[in-house]
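Please look over the model below before reading my notes.

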Amino acid sequence: MMRSTLEIRHSDSLYPKVRNVIPAVEWPAFADDIDAITALKKRRNAVILAHNYQTPEIFHCVADIVGDSLALAREAMDVKADVIVLAGVHFMAETAKLLNPAKTVLIPDRGAGCSLADSITPEDVRLLRQRHPGVPIVTYVNTSAAVKAESDICCTSGNAKAIIESLGVECVIMLPDEYLARNIAAQTNVKVITWTGHCEVHERFGAQEVRQLRENHPGVVVLAHPECPPEVLAEADFAGSTAAMSSYIADQRPPRVVLLTECSMSDNVAIQHPDLEFIRPCNLCPHMKRITLANIRHALETMQHEVTIDQDVAVTARLAVERMLAVK
Ligand code: SF4
């Protein structure tokens, strides 16, 4: 549609925020969708929850709530809307549905999966329980609702140590991320039985890459996500969830920094700290990148794709998530 030269659109006011990471030539391709999504959110009484790994035009321009898995899970409980659009992957949309059973939860692309979530099935969990009778099963939120339903309690990378220690036992099974489990095991006296799942983004980082980054960028402060292999964390200056990395940067303000995690996270944090230098090795999550402005708009236009969970599964999976949220 032709615009009058005097007409100011909502998207016009947003560009200055993202201009350092989105070239001016690319912006018009986003602006129409941003304005349409803003209008559709009002019409549908909808909110958009966006994970830290979403691209800046989603994270900074259409999202109402942003954060890591734990923040999204928590905030999803207080959402005052009829519709939630989850800009993230499928297990996150399921978690939002678990905590908001009366709301319509949409995921813009049904194919937005996760290598960790796909690494384990409910049958696997039942077999582990048989093999280790009486040992509590702590399940990372990066799993399907059906796997959560077989678990005793959930955790995120940000609260895994606190969750494990809250159980007051000598041994736990921690699923499905092997590296997260090993990294947490190194910080606690609780024995941790692991599974063999890996995040296809974080498992690609290596210790040699960290050494090379330090050589190429003297003085760089290295922050690593605990889904990275233990030898990467051993080379890093700090390890923590995406929320913990954001807090570290806000508090410590390292002049030159690299985040060993999904690469949109660096873009999103860099926008908040334009005076710091971000070194950006880019490991993309192909699942997160299936979410675009275009398919968010389509989801709100058509009310697709609705996320539903079998009632029996939902009841027990919700318990595992609520037990996690109850741990302070
Ligand atoms: S970044 Fe890793 S853990 Fe997160 S959705 Fe992608 S594959 Fe799954």
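My points follow in numbered order.

1. Basis. This is a predicted model, in which local features need pLDDT of at least 70, side-chain atom pairs count only at pLDDT 80 or more, and totals for chains, interfaces and linings use all residues. Residues are numbered from 1 along each chain as its sequence is written, and side-chain values use heavy atoms, with hydrogens and water left out.

2. Ligand shell. The residues around the ligand include Tyr53, Cys114, Asn142, Cys199, Glu227, Cys285 and His287. Being near means having a heavy atom within 4 Å of the molecule. The shell divides into 7 nonpolar, 3 polar and 1 charged. Here Ala, Val, Leu, Ile, Met, Phe, Trp, Tyr, Cys and Pro count as nonpolar, Asp, Glu, Lys and Arg as charged, and the others, Gly among them, as polar.

3. Ser264. This residue is found in helix α13 (residues 263-272). Helices (H or I, at least four residues) and strands (E, at least two) are DSSP runs, numbered from the N terminus. Why is Ser264 counted as buried? Because its relative accessibility is 3%. Buried means under 20% relative accessible area, exposed over 50%, partly exposed in between (1.4 Å probe, protein chains only). Leaving aside neighbours within four places in sequence, Ser264 is in contact (heavy atoms within 4.5 Å) with Asn52, Tyr53, Gln54, Thr55 and Lys289. Tyr53 is also one of the residues around the ligand.

4. Helix α14. In this helix (residues 293-302), Leu293, Asn295, Ile296, Ala299 and Leu300 are buried. An α-helix has 3.6 residues a turn, so residues three or four places apart point the same way. What covers the buried residues of α14 includes α2 (27-44), β1 (46-51), α3 (56-59), β3 (83-87) and β4 (104-106).

5. After α14. Met303 follows α14. Its phi is positive, about 60 degrees, although Met303 is not a glycine. Met303 lies in the loop between α14 and α15 and is partly exposed, with a relative accessible area of 26%. His305 lies in that loop too, with α15 spanning 311-326. A cis peptide bond joins Gln304 and His305, with omega about 0 degrees. Please check this stretch.

6. Other backbone points. Asn45 has a positive phi of about 50 degrees and is not a glycine. Asn45 is found in the loop between α2 and β1, and is partly exposed at 36%. A cis peptide bond also joins Leu175 and Pro176, with omega about -20 degrees. Pro176 is found in the loop between β7 (171-175) and α9 (178-185). Most residues other than glycine have a negative phi, and most peptide bonds are trans.
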